[in-house]
Amino acid sequence: MIGQQRRTGAIAPFVHHRLCIKWKSTAAKASPSPKPSKKYTTTILLPKTSYPQRIRDGSARMEADQHVRLTSRMDELYAWQRDAHRSKPEFILHDGPPYANGNVHVGHAVNKILKDITNRYKILKGYRVDYRPGWDCHGLPIELKALEKLGVQQDTTDKIRKAARSIVDECSVRQRNSFASWGVCANWKNDVYFTADKKYEAKQIELFWRLYDADLIYRELKPVYWSPSSQTSLAEAELEYNEKHESTAAFVAVPIVKKSDYLKVMSMIAGVDMNMEWLAVIWTTTPWTLPANQAIAFNPELSYAMVIANFLGEECAFLLAEQLIEKFQQETGLTVRKGPVFSGNDLATMTYQQPVDPTIECPFVPSGHVVLGKGSGLVHIAPVHGHDDYLVGKKHKLDLSTCLVDVNGKFTEDAGDILAGKNALTDGNAIVLDFLNTNGSLLKQETIVHSYPYDWRTKKPVILRASEQWFIDVEKIRPKALETLQKVEFLPPNGRQIMMNQLESRPYWCISRQRSWGVPIPVFYTVDGRPLINEQSASHISALIGQNGSDVWWEETDEMLLPGHIRKTMQAEEGHPVRRGTDIMDIWLEAGTSWAAALGEEKVADLYLEGHDQYSAWFQTSLITSVALRNIAPFKKVFVHGFALDENGRKMSKSLGNVVEPTSITDQHGVDILRWWVAQYGTGSTNITIGHKIIESVKENLLKIRNTIRFVLGNLSDYQADSRKFPIDEPLLLVDQYMLLLVKEFVQKVDSLYTKMEYNKVAMEISSFVNSETSSFYLTSIKDRMYCEPQDSLQRRSAQFVLSELLNAVSLSAGPIVPHMVEESFQHANPSSEMFSFFQKQWREPEVTTWQKNLKENFGALLEIRDEVNKACASQNMLQLELNLRVENAQLSGFLEDLGRSEHAAVGCSQLVDLFGVSQLKLQKARPDARDENQKVAQSSSEVSLNSKKIPYSFWLQRCDDGQCERCRKYNVKTNGRDICERCLDVIGNDWSK
Ligand SMILES: [Zn+2]
């Protein structure tokens, strides 16, 4: 699981990868106590800030978020950057429209927040972000909801459409409010798109015509997925596969009528009785399609065999693939004797008797799609009920126009008296099996459990059924679409292959639906069903819809929709009636053309960012239409995220009671918790887990960052950025130089992670930098000088300069993920700023100019020694100790001397002392003597690496002999009768001390 490895950087030891130094949390031990005796309180510069340490959960949290949103004018940021970044490069994130149906769920949160993190980062990087959120408004789910609302099963089109529109309006407003409340930066009031907008609909009509005109749209009778429960065709994306569907599988024997001469001769040689009945064996899981059987397909590459068996008391010859004889015996229980073997090609001239209508004689036809798997190697072909069957039927000129199953999934009258009106999947299927059993064709039947397509809305099984529909000719577009994908960047990178596989296996795309809630297919039909459309009619209808919306198609008169002068331009005979079509367009075609209808045809999006279900849906329909209409992919980069699961990795469902609503997080803990969770868990894995424990750990992470920001803000309360020119005119203290270097490296690392969209790693990097480098190392080592040195001293100002750079760096890094927290801190840090939002700033790294030579290497070695010293004194209070240190290397000891130099005449107030958190520190030239053994705490010798050399060092620790300073709490008061140390005396003057 991502994000859980390093939750508690400040507690657990952690390896610093860049420097390979171990940072340790020494905050508790090393820090000089911030509580001086009351007498000196007013002389100490304690942190001051109104930035609250924590905000209570619940209503206080919600109010705080609301307050930040208003005061930082979050609603205006999008419009501001459109204007202010006018001359900057554009970054286009094209929004995949969510369905305007129902309330928001965590899936929406993952999607919208990942987009917003991306956009906010881009704004900080100076891009002019183009992000127009949209909604997918038409389609069956909303239509079914409308019917539910109307309380009926079917109604007039205008009533359904009216009810559907009100659902869309209501849901999109609710969703929009949620998205905006998550801090998603967009112009929510004035710059969003709806697929049910008049202009969007008008564009659909125009695009339909252009595709038709380019010969990429055609109408044909073809088997399509058909939902009897919704009485409409369905696209692949509208299917759900039920893994536990039960079907009846049957081995059926059909009498062979015309035998080939070669087979007759072969059989005679093999001693087969020529009076014996010859039967071809077929296997099917859809016996209800047998009335529509028109051929049996064989594979010319396979070898087939005749086998003799006793069936129902008679010797018969069965025909099947040679390699499946063994299986056939096991399945049917028949004992067979093998007869002659021959090639598939020998079947080409033969015929058989239709399984349910003995008066019809049907052919054997060759087809490469026949493989050895289940069954007999002979495949029953019902051209109107299967994709492969259809292709075989087309090739061999079989009847493709007769379908014996109607829109309700029931047999038509043409299927005969017994079957007419019967449901094909249930009682119709049983009647067919009964018939086969009675006439002795059924060799075996059994119930099998397998994966079967269901209607995604009604959860009822669908069938493949030929009907007259409109199609997009994917075949023509596919090669170019596959080619353009090579230039698209995918995250994760295997996305390209997944998408190519899906595209390659897509058969054809049915784009017409027999429903009410959608954009009409703008075609008229003659009485005999010939479609009528031309440029004039399409542009007339497009203009009408652009002005009035698509309702006109159902509400206006024929003359209005197809005026006489346009009708004259069509091949419709004068005086002959024409009718307008009743089909609507597939919503995946509508949404898939948003690159043209919402974004603009002249633009190509820099990024599409959606869940992995869109490989086969929106990504694909967008690609197909963009390639069809302008020969390029609509996106330069595709980022794919996973789906939210509960803490135990289970799918969320109402029945399991494990659904996590986004409001349950935002209303209780605040929006940033939701956003940090998305960043930490929503990238880098297909399963995005959420639950109580995870949210608690996210809260803990954020609280640590908040407290660090608070500490920094408090120490910057008296700082004016431009009062002294660090680090140009004045050098920073060495510790500050080093920290600034770390800050710079941190910003660079985070920047590169953002570029790669690895937001989980960004979150981890921020947490670890805040807990380790910042909190455990730097803040601890500057506390003494921040509190106790003179206000305008170099020691304080140098640290403050670095603190302000640090605050900026952490705000830049965390801002895209947790804008509320960062805006709040920005307001506290800059109460009189002219900028209303932190995001009006630009991304930058700290300027690093001159440095002490070997700074990084020296600090590397020093911190290694610090770890050893900490280890040696385990549970001791470091502040009571004096450290004696000896290093046998000129470079390192010179560096330690620089660090150990005091601004004051006295000891106990150098950067080195504060780094170790002791009260006194002496750099020794010689090995330690056996000093006062009673005072000794620890002693050790070891080696430290510096520039790949091993440098020996040794140290001993002893208790301080001196008294404790009442002001800085260090044990370094050397003069009897004084209550503060020399340094503190130096700072506050003689008047104060006794
Ligand atoms: Zn002191």
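**Close-up views of a predicted model**

**View 1. The zinc ion sits in a tetrahedral site, with angles of 103 to 116° among its 4 donor atoms.** Four donors count as tetrahedral if all angles lie between 85 and 135 degrees. Look for the protein donors Cys965 (SG), Cys968 (SG), Cys981 (SG) and Cys984 (SG), 2.2 to 2.4 Å from the zinc ion; donors are N, O and S atoms within 2.8 Å of the metal (3.2 Å for Na, K and Ca). Their spacing along the chain reads C-x2-C-x12-C-x2-C. Cys965 lies in the loop between β35 (963-964) and β36 (971-973), and Cys981 in the loop between β36 and α31 (982-988), so this pair ties together parts 16 residues apart in sequence. Helices (H or I, at least four residues) and strands (E, at least two) are DSSP runs, numbered from the N terminus. Both Cys965 and Cys981 are buried, meaning under 20% relative accessible area with a 1.4 Å probe, protein chains only.

This is a predicted model, in which local features need pLDDT of at least 70 and side-chain atom pairs count only at pLDDT 80 or more, while totals for chains, interfaces and linings use all residues. Residues are numbered from 1 along each chain as its sequence is written, and side-chain values use heavy atoms, leaving out hydrogens and water.

**View 2. Strands β33 (residues 936-946) and β34 (residues 949-959) run antiparallel, joined by 10 bridges.** Two strands pair if DSSP finds at least two bridges between them. Here Ala938 has Leu957 in β34 as its bridge partner. The hairpin has 2 residues between the strands, and Asn947 takes a positive phi near 45°.

**View 3. Helix α8 (residues 261-269) includes Ile269.** Ile269 counts as exposed because its relative accessibility is 69%, and the cut-off for exposed is over 50%.

Terms used: Tetrahedral: all angles 85-135°; square planar, octahedral: opposite > 155°, others 65-115°.
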